[in-house]
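Me: Hi! Could you walk me through this structure? I'd like to start with the core.

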Amino acid sequence: MNPAAIPTPVEDIQGDGRWMSMHKRFLTETKEKEPDVLFIGDSLIQRLVHTEMWNNYFAPMHTLNFGIGGDQTQHVLWRIENGELDHINPKVVVVLVGTNNFTFTAEQIAEGIMEIVRVIREKQPEAYIVLPTLLPRGQHPNPLRERNAQVNKIVNSKISTVPKCEIVAIDKEFIQQDGTISHHDMHDYLHLTNSGYRKAFEPVYELLLQLLTEGETEKDLTPSE
């Protein structure tokens, strides 16, 4: 059995119950709001909500953010198996998770991501699923960076058979010619700066705009200045 593909809640090691509290808050939001777009994943999704990119581009799309820092694939699986996709009917679900699966192989992580896709499709058969690629990490070349790149290749090879599902390459412009990542893009060589978020998530925004405006007017979705 692959633990990356088995729904598992986060163990409350610190003892303050924050992870479960956030999950319950998300459940409340599913009953109070009607999102067109749902973002779900780890800290890279969670922190997106505090950026200019979110305020100016994604928030006008009627978007919910269900990101939790530190989440691994099995944790997101547990959350969507336990209510975070209930009571809502988003047109698009954006999933970014896997970089925190430190002890797993690329194959295990990719299988976990594909299991997330399967459950989303089961619970939201009409929703379009968008998978941004895992980002590189670390200032210098390292095994985790190589593993994330391999995950992207595996998922890309599998996703072509899944209807209404698309992978978006957001990882291409971060590694410089000398192999390093700039702190101007990732302040701690993992989490994105404002400019890093713009670089990574503009392709996601462009795809969402295309998906949401099919048959609709574009004026309500254009970014605020």
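Reply: Happy to. A nonpolar core here is a set of buried Ala, Val, Leu, Ile, Met, Phe, Trp, Tyr and Cys residues joined through side-chain atoms within 4.5 Å. Buried means under 20% relative accessible area, exposed over 50%, and partly exposed in between, with a 1.4 Å probe and protein chains only. This is a predicted model: local features need pLDDT of at least 70 and side-chain atom pairs count only at pLDDT 80 or more, while totals for chains, interfaces and linings use all residues. Residues are numbered from 1 along each chain as its sequence is written, and side-chain values use heavy atoms, leaving out hydrogens and water.

Me: Great. How many residues has the largest nonpolar core, and which have the most contacts inside it?
Reply: That core has 71 residues, and Phe39, Phe58, Leu131, Phe201 and Leu208 have the most contacts inside it. Its largest share, 10 residues, comes from helix 7. Helices (H or I, at least four residues) and strands (E, at least two) are DSSP runs, numbered from the N terminus.

Me: What about aromatic pairs, how many are there?
Reply: The count is 9. Rings of Phe, Tyr and Trp (its six-membered ring) pair if their centres lie within 6.5 Å; planes under 30 degrees apart are stacked, over 60 edge-to-face, and the rest tilted. One of the pairs is phenylalanine 39 with tryptophan 54, edge-to-face at 5.6 Å centre to centre and 65° between the planes. Phenylalanine 39 is in strand 1 and tryptophan 54 in helix 3 (residues 52–58), so the pair ties together parts 15 residues apart in sequence.

Me: Are those two buried or exposed?
Reply: Phenylalanine 39 and tryptophan 54 are both buried. Another edge-to-face pair is phenylalanine 58 with phenylalanine 201, at 6.4 Å centre to centre and 85° between the planes. Phenylalanine 58 is in helix 3 and phenylalanine 201 in helix 7 (residues 194–212), 143 residues apart.

Me: Which residues do ring pairs link into a cluster?
Reply: Phe39, Trp54, Tyr57, Phe58, Tyr197, Phe201 and Tyr205.

Me: Switching topic: why is helix 4 largely enclosed?
Reply: Because 8 of the 9 residues of helix 4 (residues 73–81) are buried. Among them are His75, Trp78 and Arg79. The buried residues pack against helix 1 (18–32), strand 1 (37–41), strand 2 (63–67) and helix 5 (106–123).

Me: And what follows helix 4?
Reply: Glycine 83, with a positive phi near 110°.

Me: Last one: where is proline 141 found?
Reply: Proline 141 is in the loop between strand 4 (128–132) and helix 6 (143–159), and counts as exposed at 55% relative accessibility.

Definitions and conventions. Contact means heavy atoms within 4.5 Å.
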